[in-house]
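Subject: Structure handover

Dear colleague,

Here is the structure for your files.

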Amino acid sequence: MLLNEVLTNSLPYDITCDDKDQFMAQFRVGGLLYEVECHFIKEILDGTDAWTIEFGILSDDDSDFRETKKTNTGNQFAVFSSVISVIQRFITEYNPKTLMFSATEPNRKKLYLRLVDTLFATNWDVSHVHSCIVLTRKE
C-alpha cells in the first residue's frame with residue numbers, strides 16, 4: 001500500500017468543540033482515545049494571531065492531559081491519517097492564516113515536520129521559532 005493511500009484512510013472522529021477560538025476532535029484507535037485541538041491565540045508571535053495545533057492520547061483520569069508518547073501499538077498510520085483529516089477539516093472551515101506546532105521532544109518534532117511536509121508543502125511558508133514550527137499561509 002502506498003504511503004499516500006495509508007494517510008488518506010482516516011478513522012471516524014467526533015467534533016467535540018467547534019467555536020470561534022477552538023476546534024477539537026476525538027477518535028479511538030486500539031482502545032486509546034486521541035484528541036486533536038486547534039486553539040486560537042491572539043498576538044502570540046510578534047503581534048501575529050495564530051492557531052496552535054496539538055494532539056495526543058487523552059489520559060484515563062478525566063483530566064485534560066494529553067500524552068504524546070509513542071504507544072508501540074502498530075497503529076501509527078491510522079492515528080496519523082486521522083490527525084491529518086481533522087487538521088484538513090479545521091483548515092477548510094476556519095481558514096487560518098498562521099498555524100503553530102510546539103514540540104520539545106525530538107521524536108515529536110520529527111512527527112510535526114512529517115506532518116508539515118504532508119499537508120503544507122505548497123501553500124504555506126515554514127519557519128522555526130524556539131521550539132515551534134510556524135506555518136504562514138502564502139498570499
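The expected span of a helix is 1.5 Å times one less than its number of residues. Please keep in mind that this is a predicted model.

Helix 3 covers residues 106-119, which is 14 residues, so it should span 20 Å. The C-alpha atoms at its ends are 20 Å apart, in agreement with that value.

The buried residues of helix 3 are Arg108, Leu111, Tyr112, Leu115, Val116 and Leu119. Viewed down the helix axis, these buried residues fall within an arc of 140 degrees, so they line one face of the helix. Pro106, Lys110 and Asp117 are exposed on the other side of helix 3. The cover over the buried residues of helix 3 includes one helix, helix 2 (76-94), along with strand 4 (48-58), strand 6 (98-102), strand 7 (124-129) and strand 8 (132-137).

The other item is glutamine 22, which lies in strand 2 (residues 22-29). Is glutamine 22 buried or exposed? Its relative accessible area is 18%, and the cut-off for buried is under 20%, so glutamine 22 counts as buried.

Leaving out residues up to four places away in sequence, glutamine 22 touches Cys17, Glu37, Cys38, His39, Trp51 and Tyr94. With glutamate 37, there is a polar contact between the two side chains, at 2.5 Å. Tryptophan 51 is 29 residues from glutamine 22 in sequence, and their C-alpha atoms are 8.7 Å apart in space.

Regards

Definitions and conventions. Residues are numbered from 1 along each chain as its sequence is written. This is a predicted model: local features need pLDDT of at least 70, side-chain atom pairs count only at pLDDT 80 or more; totals for chains, interfaces and linings use all residues. Side-chain values use heavy atoms; hydrogens and water are left out. Helices (H or I, at least four residues) and strands (E, at least two) are DSSP runs, numbered from the N terminus. Buried means under 20% relative accessible area, exposed over 50%, partly exposed in between (1.4 Å probe, protein chains only). The arc is that of the directions from the helix axis to the C-beta atoms. Contact means heavy atoms within 4.5 Å. A polar contact is a pair of N or O atoms within 3.5 Å; within protein, one must be able to donate a hydrogen and the other to accept it, and residues adjacent in sequence count only if both atoms are side-chain atoms.
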